[in-house]
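Here is a brief report on one part of a protein chain. Start with the view below, then read on.

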Amino acid sequence: MYRKILVAFDGSEPSKHAMDIAVSTADKWKSELVILSVVPRVMMPVFPDEGFGAAPITAAQDMSEYQDKMKEIYAGSLSEAEEDINEAFPDLVVTTKLMEGRPSAVIVEEAEEDQIDLIVIGSRGVGGITGWILGSTSRRVVESCTKPILVVK
Ligand SMILES: Nc1ncnc2c1ncn2[C@@H]1O[C@H](COP(=O)(O)OP(=O)(O)OP(=O)(O)O)[C@@H](O)[C@H]1O
Ligand SMILES: [Mg+2]
């Protein structure tokens, strides 16, 4: 029924719950499982080309180092999750994808391009300072994606 399932993983508790449900659903339907993590891009401010000349260049380097570090951290959690699943469900076909960009946009694009039959996503994520039931990523995905979506609390 679901040939290919995508789970959006940001390491948060709700996304771990989403992962559990995605794994058991994929196991039940013999689906392929794609685990997608998106490293949000650090926003680049506009640097003045005069005035505090040296500082902006250092700041830009710091930001790109920070971005690389974030990517490493995401990659580590992603392969840890993949190993755990491979161990518990050796017959399951699992692929991981690490991308950069705006998480909601990348999730929707990937679901379209990768011909995903079901998206599994947490209701909230690692952000979450407001009292909303859905975070901004899950809300945007629910609003803009035409695929079936399972939102997990
Ligand atoms: N960077 C990401 N990569 C992959 N999936 C993500 C990412 N960020 C969020 N998600 C998915 O979306 C779900 C909801 O997270 P969301 O970002 O909407 O909530 P939040 O972090 O609590 O709120 P906000 O980001 O608006 O402050 C997560 O459980 C996860 O499934
Ligand atoms: Mg978030």
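## After the helix

This is a predicted model. Begin at Lys30, which lies just after helix 1. Lys30 takes a positive phi of about 55°.

## Helix 1

Helix 1 covers residues 13–29, which makes 17 residues. At 1.5 Å a residue, helix 1 should span 24 Å. The C-alpha atoms at its ends are 24 Å apart, so expectation and model agree.

Which residues of helix 1 are buried? They are Pro14, Ser15, Ala18, Met19, Ala22, Val23, Thr25 and Ala26. An α-helix has 3.6 residues a turn, so residues three or four places apart point the same way.

## Strand 1

Strand 1 runs over residues 4–8. Of its 5 residues, 5 are buried, under 20% relative accessible area. Strand 1 is therefore largely enclosed by the rest of the structure.

Both faces of strand 1 are covered. Lys4, Leu6 and Ala8 are buried on one side. Ile5 and Val7 are buried on the other.

## Strand neighbours

How do strand 1 and strand 2 run, parallel or antiparallel? They run parallel, joined by 5 bridges. Strand 2 spans residues 32–39. There, Glu32 is the bridge partner of Lys4. The chain passes from strand 1 through helix 1 to strand 2, and this β-α-β crossover is right-handed.

Strand 1 also pairs with strand 4, residues 118–122. This pairing is parallel too, over 3 bridges. Val7 has Val120 of strand 4 as its bridge partner.

Technical notes. Residues are numbered from 1 along each chain as its sequence is written. Chains are lettered from A and ligands numbered from 1 in the order in which they are written. This is a predicted model: local features need pLDDT of at least 70, side-chain atom pairs count only at pLDDT 80 or more; totals for chains, interfaces and linings use all residues. Side-chain values use heavy atoms; hydrogens and water are left out. Helices (H or I, at least four residues) and strands (E, at least two) are DSSP runs, numbered from the N terminus. The expected span of a helix is 1.5 Å times one less than its number of residues. Buried means under 20% relative accessible area, exposed over 50%, partly exposed in between (1.4 Å probe, protein chains only). Two strands pair if DSSP finds at least two bridges between them. A crossover is right-handed if, with the strands pointing away from the viewer, the path from the first strand over the helix to the second runs clockwise.
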